[in-house]
Amino acid sequence: MEINLDTKYINRCFELAQKGLGSVSPNPLVGCVIERDGIVLSEGFHEIYGGPHAEPNAIANATVSLEGATLYCNLEPCCHTNKQTPPCVKTIIENKIKRVVISNLDPNPNVSGNGVKILRDAGIEVDVGILEEVGKELNEAFFKFIQTNKPFVHIKLAQTLDGKIATSTGDSKWISNDSARKKVHEWRLKYDAVLIGRNTLSKDDPTLNIRMGINSKGKVPFRIVLGSIDKMNFSYKLFSDEWSHRTIVVTTLDSYRLATNSQLEQIEKNKITIIFADKQNGSFNLDDILLQLSKLKITSILVEGGKSVITSFINQKQYDKISFFICPKIIGNGISYYENDDLTLMKDAITFSETRVENIDNQVVIHAYSNKGNVCLQD
Ligand code: AOF
Ligand code: ZN
């Protein structure tokens, strides 16, 4: 009985936590429910980066004394003081909460088990690990970023049943249907940045903002383009629309030196950020790029590029998750998303773990995690 109630209220914490999507990064998504004798006394969630955490919000929303109540929270309450908000454990203890139930320990090295210890030392019963895997997936970007200081990388691709992302002429509009594309717009709310290469930029002239009926909450993700800046046309939307200050170009110093005065003026006028990176064997050094992006507080990236970008991320093992949208169409000759002439033996195949299959309006979606060791897990 107790376990079922714990699961129910932790699930509610996950629901509440997601109300912070698009507003709390680089902080985690956290929800909180306070209950006593089967009655929910109050709820809250972490609403905005720099604002109060989920637990003080839930405590502030209560209209009765919380003495003897149980506090549910999907993340371990924080205990550190070298930060923007006061430690949640103090508020919990002051409000005479009797029991605390959490899903995940906070991998933030300033917390990582100390929050639980302080609560237990104060005589509060603490249960950890309810729906732990669900909690880990909800905050997978935060967990990876706080542990490695590198953004979580999620590649999405739409392919035909015969494994192609475009016809032989490069036509790709559309392989997936509206429902699948809407899912990607939902993800753009969740991710700090969306990344493409120069080919996609010139072929699609995309906006990479959040549309298709999704409430963007005014957010436009950082829009990252990899490629030679001197070969980029600055009339593209990413460089000229009202969010051009959210556009980041990753290029080589050599290419920047070849840029024309008019290109440089556009960069300055439209407040476009430039990041310099080296190329090895024709591919950007992604490890270095991810580190540079982390300094801009980009904790998560949705890769929406084509063959050359996807191939680089796979070959350099710089991705955490790939979502393959498999669409019920066959087009014969066409463009694949991955090419590797050196991979000749099955034993060298790129493999994945923790695959999950979903059906989105007749599109089969396989979500698969990189097999390099699951970086998004906190243990
Ligand atoms: C909680 N509840 O709702 C959240 C927590 O800079 P601050 O004060 O916002 O602290 C950020 C850190 O607090 C963040 O890195 C993570 O470890 C924790 N987030 N903790 O008890 C919450 N959002
Ligand atoms: Zn806190």
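Predicted model: local features only at pLDDT ≥ 70, side-chain atom pairs only at ≥ 80, totals over all residues.
**Exercise 1. Find which side chains place an N or O atom at 2.8 Å, 3.1 Å and 2.5 Å from an oxygen atom of ligand 1.**

Solution. 
Step 1. Start with the surroundings. Ligand 1 has 18 residues around it, and His53, Ala54, Glu55, Thr85 and Asp106 come nearest.
Step 2. Take the distances in turn. At 2.8 Å from a ligand oxygen lies an N or O atom of the Glu55 side chain. For the Lys83 side chain, the distance is 3.1 Å. For the Asp106 side chain, it is 2.5 Å.
Step 3. Apply the cut-off. A polar contact needs a pair of N or O atoms within 3.5 Å. The Glu55 pair at 2.8 Å, the Lys83 pair at 3.1 Å and the Asp106 pair at 2.5 Å meet that distance.

**Exercise 2. Describe the site of the zinc ion (ligand 2): which residues coordinate the ion, and what is the geometry?**

Solution. 
Step 1. Check the angles. Among the four donor atoms of the site they run from 100 to 118°. Four donors count as tetrahedral if all angles lie between 85 and 135 degrees. The site is tetrahedral.
Step 2. Read the spacing. The donor residues follow the pattern H-x24-C-x9-C.
Step 3. Locate the cysteines. Cys78 lies in the loop between β3 (70–75) and α3 (88–94), and Cys88 lies in helix α3, so the pair ties together parts that are 10 residues apart in sequence. Both cysteines, Cys78 and Cys88, are buried.

**Exercise 3. Work out the setting of Thr160: which strand holds Thr160, and which side chain makes a polar contact with Thr160?**

Solution. 
Step 1. Thr160 belongs to strand β6, residues 152–160.
Step 2. Its relative accessible area is 1%, so Thr160 is buried.
Step 3. The side chains of Thr160 and Asp162 form a polar contact of 2.5 Å.
Step 4. Beyond four places in sequence, Thr160 touches Ile175, Ile326, Cys327, Lys329 and Ile331.

How values were computed: Residues numbered from 1 in each chain as written. Chains lettered and ligands numbered in written order. Heavy atoms only, no water. Helix = DSSP H or I, 4+ residues; strand = E, 2+ residues; numbered from the N terminus. Buried < 20%, exposed > 50% of the residue type's maximum accessible area, 1.4 Å probe, protein only. Polar contact = N/O pair within 3.5 Å; in protein donor to acceptor, adjacent residues only side chain to side chain. Contact = heavy atoms within 4.5 Å. Donors = N, O, S within 2.8 Å, 3.2 Å for Na, K, Ca; no water. Tetrahedral: all angles 85-135°; square planar, octahedral: opposite > 155°, others 65-115°. Near = heavy atom within 4 Å.
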